[in-house]
Amino acid sequence: MPSLLFCGPKMAACGIVISIWGVIMLAMLGIFFSAKSAVLIEDVPFTEEDIRGDQNPPGNIYGLYNQVGINCFIAAGIYVAVGAVSLCQVRLNKRQEYMVT
C-alpha cells in the first residue's frame, strides 16, 4: 500500500511554523493594504503614466491598493493549505512511529 508520507517530522514541523508566520504576516499586510496605509505606497505597482492623464488618480491608486490586498489574502490562503499539508505529514509521521513493519 503506498504511503502519503513524503517528508520527515522535522521538515513537517518547520512547514507548520513557517505557515503560521506566513498567514499572520500576509493577513496583516492584506488588512493594511485594504485600509490604504500610506506607509505601503512604495509597494503599490503604479507608474507616472498611470496617473498623468487620468481624471481620478486617487481612485486608481485605491484600486491598486485593494488588488494588492487581495493578493496578500490569496497568498495567506496558500499558506493555510501548506500548513494543513504539513499538519497531515506530522500526523502520518506520528502514526509511522507506532507501526511495526
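Start with helix H3, whose buried residues are Ile61, Tyr65, Val68, Gly69, Cys72, Ala76, Gly83, Ser86, Gln89 and Asn93. Keep in mind that this is a predicted model. Those buried H3 residues pack against helix H1 (9-34) and helix H2 (48-52).

**Helix H3**
- H3 covers residues 57-98, which makes 42 residues.
- From first C-alpha to last, H3 reaches 63 Å, close to the 62 Å expected at 1.5 Å a residue.

**The nonpolar core**
- Nine residues make up the largest nonpolar core: Leu26, Phe33, Leu40, Val44, Ile61, Tyr65, Val68, Cys72 and Ala76.
- H1 and H3 each put in at least two residues of this core.
- H3 gives the largest share of the core, with five residues.
- Leave out residues up to four places away in sequence, and Val44 touches Phe33, Ile61, Leu64 and Tyr65.

**Cysteines**
- The disulfide count is zero.
- Cys7 is buried, at 13% relative accessible area.
- Cys72 on H3 is buried too, with a relative accessible area of 10%, and this cysteine belongs to the largest nonpolar core.

Notes
Residues numbered from 1 in each chain as written. Predicted model: local features only at pLDDT ≥ 70, side-chain atom pairs only at ≥ 80, totals over all residues. Heavy atoms only, no water. Disulfide = S-S within 2.5 Å. Buried < 20%, exposed > 50% of the residue type's maximum accessible area, 1.4 Å probe, protein only. Helix = DSSP H or I, 4+ residues; strand = E, 2+ residues; numbered from the N terminus. Expected span 1.5 Å × (residues − 1). Contact = heavy atoms within 4.5 Å. Core = buried A, V, L, I, M, F, W, Y, C linked by side-chain atoms within 4.5 Å.
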